[in-house]
Amino acid sequence: MGGGVFKAALASAALAVGLSGGLSGTPALAQQVELTRGQVFALAMQQLQAGEAAKALVLANALIGANPEESAPWIVKSRALLALGKARAARDAAQRAWALAEKQNVRFGAAMAMTESTRATGNLTMAQVWSRFAYENAKTPGEVQLATRAYKTIQAENPFSFSLQATMFPNKNVNNGSSADVIFIGGLPFVPVRHSGWTTELSGGVTYRFSKREHGASFIGLRGYLAKHWLDEESRNEILTNIDPDDTVHDFDFASVTATFRHVETVGRMTYSFDAGLSRSFYGWEHYADTANVSGEARFRLSRQTELSLIGRARGQWYADPADAPVYSFDLGGKVRHTLANGDRISFTLTGETAFSNDEPREYLGGKIDVQYEFGKPVAGLDLDVSAYLGYRDYAVSPYDPDGRHDWSYGGKISAGIPSISVLGFMPVVDVKYNRRITNVAAYEANSLQIGVSLKSEF
């Protein structure tokens, strides 16, 4: 604002005198009033806080008339117009404030003004975006809390929600070949082929809440997934010089699109959800399969710290190749999640699974144990999440072994978010994954270590 003298227009000066209480409101005295810009700005803020938006607007316009290139008065004007019910004009003023803002604290105020005014115009999605700009420019814990609360409030109001995730990692087994050194097919030895390169995974979707009640809501959505592989030079040459002319470097790309339905309801201490989806997948950019799945979950709060979930899933997959018989799989399990006194959370999941098909080698019976530990507070500046699993599947029939196929699998994942270098509330996450499958049929051996980077919202 500066300490220089600000000579307001007669109406504004008279208003300022009346607000300050230092002089009578007579025109003769009003004409002699001289206030600094800082004093006028402070008076405008006082009027906003007192609910006198019209008076605050007069003072803001006086400040803008004297210096239209200063951001802060435009923020006051936006807030005053919003209080007067003029949302679009408030948004226009907030846009001007954002364009002029140079200091971080002023950018925060301008972004919050954009958030509030855009929300009032009904564009809730863009209001969420602006709340992220406010979060990016927040300097104090109070400002961080204000921006986060604004985002979550608008998110709860918005019937649309969007998701987007991208991950990239080096991949030494793009084609999911066996990790065994030698496999035997029909008694003959073969060296499995494993192509190397980089894998990029993209997933995203949009969800629309078409029904909302006091204790429940229903959603429909559309979700997409793409796994794009970039082969190294050696692997590319192997494929391009293959005797099969139909082989291409895109043979291992995978994509899918899924239409979804979800319903969530809370009854007393229980929350249940029902999910359904129809998807079509493509392998090597050719139609691979169509899938239908349904799942249900019932969550019971046993105490303030402990929650129990019962989970059931059913899935049917019909392949594009008529020679491949459909597969129907079913899972049934339970999950216990407990919050520790220090805020950390630990969960245990036990799942039984089975699959049926006219193609007997696709049928199996098995189970899996998952353990996850989420740290409630940053560890050495990192948001940590650690998980591990152990599973077993028994295939009674295998074309490679008269005793069938018996798989043990285990692995783990460490996710480390780095909030110190977040952008717009999105922080990079380093994921380290290890998966191992031990089986009596060497063609299905698997051993992989992946290190990738993705983005995750902080709120």
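At least two residues of the lining of the second largest pocket come from each of α8 (124–136), α9 (141–157), β3 (160–171), β6 (197–212), β15 (383–395), β16 (405–417), β17 (426–439) and β18 (446–457). Helices (H or I, at least four residues) and strands (E, at least two) are DSSP runs numbered from the N terminus. The model is predicted: local features need pLDDT of at least 70 and side-chain atom pairs pLDDT 80 or more, whereas totals for chains, interfaces and linings use all residues. Residues are numbered from 1 along each chain as its sequence is written, and side-chain values use heavy atoms, without hydrogens and water.

A pocket is an open set of points on a 1 Å grid over the protein atoms alone, where a 1.4 Å probe fits, with protein on both sides within 12 Å along at least five of seven lines; lining residues have an atom within 4 Å of a point. Among the 43 lining residues here, Phe426, Leu455, Lys456, Ser457 and Glu458 are the closest to the centre of the pocket. The strand β3 gives the most to the lining, with 8 residues.

The largest nonpolar core contains 37 residues, and Trp74, Val76, Phe108 and Ala134 have the most contacts inside it. Such a core joins buried Ala, Val, Leu, Ile, Met, Phe, Trp, Tyr and Cys residues through side-chain atoms within 4.5 Å, where buried means under 20% relative accessible area (1.4 Å probe, protein chains only). A second, separate core of 6 residues includes Tyr319, Val327, Ala355 and Tyr364. In soluble globular proteins, nonpolar side chains tend to be buried together.

Technical notes: Buried means under 20% relative accessible area, exposed over 50%, partly exposed in between (1.4 Å probe, protein chains only).
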